[in-house]
Amino acid sequence: MKIFQGIGVSPGIAIGNVSVIKSRFNLSYQGKIQAKNLPHEIEKFKGALNLAEKEILATQKNITKTLGEKYGEIFAMHLLLLKDKVLQEETIKSIKNDGFVAEYAFQRVLNKILENLGKKGDTLFEDERKDLFDVAEKVFSYLNREKSRSFIIKEKAIIAAHDLSPSQTAAFNPELTIGFVTEIGSATSHTAIMAKALEIPAVVGVDDITKQLEDEQTVILDGFNGELIVEPTSALLGKYKEKQKEYLKKRKNLYMTKGLVSKTTDGKRISLMANIELPEEIHTLVKYGAEGIGLYRTEYLFLNRRNMPSEEEQFHSYKKVLLLLRDKPMVIRTLDIGGDKFISELRTPTELNPFLGNRAIRFCLSQIEFFKTQLKAMMRAGYYGDLRILIPMISIFEEIKKTKELIKECASELKKDGKKFRELPLGIMIEVPSAALISDILAKEVDFFSFGTNDLIQYTIAVDRVNEKISYLYQPFHPAILKLIKISVDNAKKCGIKTSICGEAASIPEIACVLLGLGVDELSMSPSAIPDVKQLLRKTSFKKMTEIAGKVFEFSTHEEIHNYVKKTLNERGKK
Ligand code: PEP
Ligand code: MG
C-alpha cells in the first residue's frame with residue numbers, strides 16, 4: 001500500500017481501478033523501414049487518422065448531447081487540427097522520402113509545428129498546444145493499434161494524468177469517470193472548477209503520479225483531504241467504503257434542502273446564489289436551490305474558440321440564461337481574462353507576471369471597442385430580466401470612472417441605433433487590497449461590492465493561487481483578509497450599498513458564517529456547495545455569527561481563528 005498526498009479540489013470519495021493517461025510524446029520511435037513497406041506505412045498512418053476522426057466525431061456528438069453545444073465546439077477545433085494539411089502531407093512526405101516509421105515521421109512534424117507555436121509554458125498559444133496534444137495522442141494510440149484512452153473509457157475508472165486540458169475534462173463521461181488525479185493544478189484551476197461542476201471527486205498536485213501508477217491498480221481517492229491510496233489494505237478499503245456511503249447519503253439528504261429557506265435560527269434571511277461558468281450549468285441552480293446567479297464568469301464563453309463572439313451572439317447567450325432564470329437575479333461579470341485564463345484569439349502577449357499584468361478590467365480598458373461590445377450585449381440582455389454588471393479586479397479609482405463613461409457612451413449609441421436596453425446596476429469586485437482600502441471612495445460610485453476572495457487572498461498574502469507548492473499560505477482566515485473585508489463592508493454600509501462574497505471562501509460553511517457576521521449580505525458559490533452552507537446557517541443564529549466575527553481580531557493567525565470559529569460553531573450546534 002502507498003499513500004500520496006495532493007490537494008483535494010472536488011469533494012467525494014472514489015474507489016476503483018485507475019486508468020493512467022501516460023503521454024506518448026518523446027517516446028523514441030526512431031526507426032527506418034524498407035522501401036517495399038512504405039505503402040503499408042502510409043496506409044497505417046492514414047488509417048490512424050481515419051480512426052481518430054471517427055472517435056472525435058463520436059465524442060463530439062456525445063458531449064454536445066450531454067453537456068451542451070459549447071463543449072461540442074471544442075471538438076470541431078480538434079477536427080480542424082487533425083485535418084491540417086501540413087500535418088498530414090509532411091508526415092506522408094517524411095515516410096516516403098526519409099523512410100521513417102509513421103510514428104517517428106508524425107512526431108517530427110508535430111514537434112516542428114509545436115516549435116512554431118512557441119516554447120512550452122508560453123501562454124500565448126497554450127490552448128492550441130493543448131488541443132494539438134489531445135489530437136496527436138489519439139493518432140499515436142491508433143498507430144500503435146490501441147484504442148485511444150485519452151477520452152474514452154469503457155468501465156468505471158479513476159483517471160490519472162499529468163494535466164487535463166479543458167477539452168479532456170469536458171469529454172469525461174461522468175457516469176464512468178468516478179474521479180481524477182493530476183500532477184499539476186490547484187483549487188482554482190480550470191480542472192478543479194470543471195470537476196466540481198460535474199460533481200466528480202478530484203485531487204490535484206500529486207507529483208509524478210502517472211509514473212507511480214499502473215492501469216488497473218485499485219485506488220482510493222479522497223477529494224476531501226487530497227489523499228490517493230494505492231492498493232489499500234482490506235481494512236482501509238472497508239473504512240473508506242463506509243465513508244463513501246455516509247457521504248452519498250449525506251449528499252442525498254442535502255439535495256432535499258433545496259426547498260428549505262435559507263435563514264438563521266433567529267430568522268435572518270440570507271440569499272445563497274450560484275457561481276456559474278457556462279450557460280449549461282443553469283440546471284444545477286434548481287438541483288441545489290440557488291436563488292439566482294451571483295457570479296457568471298463570462299470568460300468561458302470566449303475560451304476554446306477561434307473567433308470572438310459578436311455583440312449579437314453575446315446578447316443572445318446572456319438573454320437565454322436570463323430568461324431561463326425567470327425573475328431571479330443574475331450578476332454578470334465582464335471579461336476577466338489574463339492571470340491563468342487566456343484566449344488565443346485575443347493574442348495577449350506573454351507576460352512575466354500575468355496575475356499582476358494586463359488582466360480583467362485592465363485588459364478591457366486597453367481594448368475599448370471589445371469592452372464596449374460586451375457592455376452593450378449585457379445592457380441589451382438586461383432588458384429581459386434582473387441583470388447586474390460586475391467589474392473584476394478594480395485597483396484604482398480611475399478604472400471605475402472610465403468604465404462608467406464607457407457605459408454612458410454605450411447607452412447613447414444603443415439609443416441612437418434604436419436597440420432595446422436597460423441601464424443596469426453596476427458593481428465591482430473587491431479582490432485587490434488597494435480597492436478594499438479605498439472602498440470608502442469606491443462605494444460612492446457603484447451599486448454593490450462583491451468580494452473575490454480567491455484573488456483577495458492571492459494579492460494580499462502574495463501567494464500565487466495556482467501554485468500547489470505554497471498552498472499552505474492560502475489562508476482565508478488570515479486576519480489581514482478579514483480586516484480588508486470588514487473595512488469594505490463598513491464603507492459599503494455607510495453608503496447603503498449591498499455586499500456579497502463570490503470567491504471560494506463563501507462555500508466553506510464556517511468561513512461563510514464569519515463573513516456574514518462581519519456584515520456581508522449575500523453569498524455566491526459553486527452550486528453544489530449550497531446545501532452544506534445552508535445547513536449550517538439553519539442551525540446557527542445570526543447573533544452568534546456577529547459575536548464570533550467580533551472576536552476574530554483578538555487572534556493572530558489563520559490557524560487560531562479557524563480553531564476558534566470551528567469550536568464555537570460546534571458548541572452552538574449541540575445546544
Ligand atoms: C475571486 O477572485 O474570488 C473570484 C470569484 O474570481 P475568479 O476566481 O474568477 O478570479
Ligand atoms: Mg478573481
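Glu231 is partly exposed, with a relative accessible area of 39%. This residue of the predicted model sits in the loop between β8 (227-230) and α9 (234-255). Its phi is near 45°, a positive value in a residue that is not glycine. Arg326 has a positive phi too, near 55°, and again the residue is something other than glycine. Arg326 belongs to the loop between α11 (311-324) and β11. With a relative accessible area of 66%, Arg326 counts as exposed, because anything over 50% falls in that class.

Next comes the sheet. Eight strands form a closed barrel, running β9-β10-β11-β12-β13-β14-β15-β16 with parallel pairing. On average, neighbouring strands of this sheet are turned by 25° against each other, direction ignored. In general, strands of a sheet pair through backbone hydrogen bonds, and they can do so in a parallel or an antiparallel way. One of the pairs here joins β12 (residues 386-391) to β13 (residues 426-430), in the parallel sense and over three bridges. Within that pair, Ile389 has Leu426 of β13 as its bridge partner.

Asp455 and Arg359 are both buried.

Salt bridges turn up elsewhere too, and the count comes to 30. Side chains of opposite charge can pair when their charged atoms come close. Lys404 and Glu445 form one such bridge, their closest N and O atoms being 2.9 Å apart. Lys404 lies in helix α14 (residues 397-416) and Glu445 in the loop between α16 (439-442) and β14 (448-451), so this link spans distant parts of the chain, 41 residues apart. Lys404 is partly exposed at a relative accessible area of 30%, and Glu445 is partly exposed at 25%.

A further salt bridge brings together the side chains of Asp521 and Lys493, at 3.8 Å from N to O. Asp521 is in the loop between α19 (509-517) and β16 (522-525), Lys493 is in helix α18, and the two are 28 residues apart. Relative accessibility is 24% for Asp521, which makes it partly exposed, and 45% for Lys493, which is partly exposed as well. Salt bridges that share partners also build a network, joining Glu299, Arg333, Asp336, Arg359, Asp455 and Arg465.

Helix α18 (residues 479-494) also holds Ser488. Is Ser488 buried or exposed? Ser488 counts as buried because its relative accessibility is 0%, and the cut-off for buried is under 20%. Leaving aside residues up to four places away in sequence, Ser488 touches Ile430, Ala436, Ser439, Phe449 and Phe451.

Key
Residues are numbered from 1 along each chain as its sequence is written. Chains are lettered from A and ligands numbered from 1 in the order in which they are written. This is a predicted model: local features need pLDDT of at least 70, side-chain atom pairs count only at pLDDT 80 or more; totals for chains, interfaces and linings use all residues. Side-chain values use heavy atoms; hydrogens and water are left out. Helices (H or I, at least four residues) and strands (E, at least two) are DSSP runs, numbered from the N terminus. Buried means under 20% relative accessible area, exposed over 50%, partly exposed in between (1.4 Å probe, protein chains only). Contact means heavy atoms within 4.5 Å. A salt bridge is a side-chain nitrogen of Lys or Arg within 4 Å of a carboxyl oxygen of Asp or Glu. Two strands pair if DSSP finds at least two bridges between them. Axes are lines fitted to C-alpha atoms, for helices over the stretch in contact, and angles run from 0 to 180 degrees between N-to-C directions.
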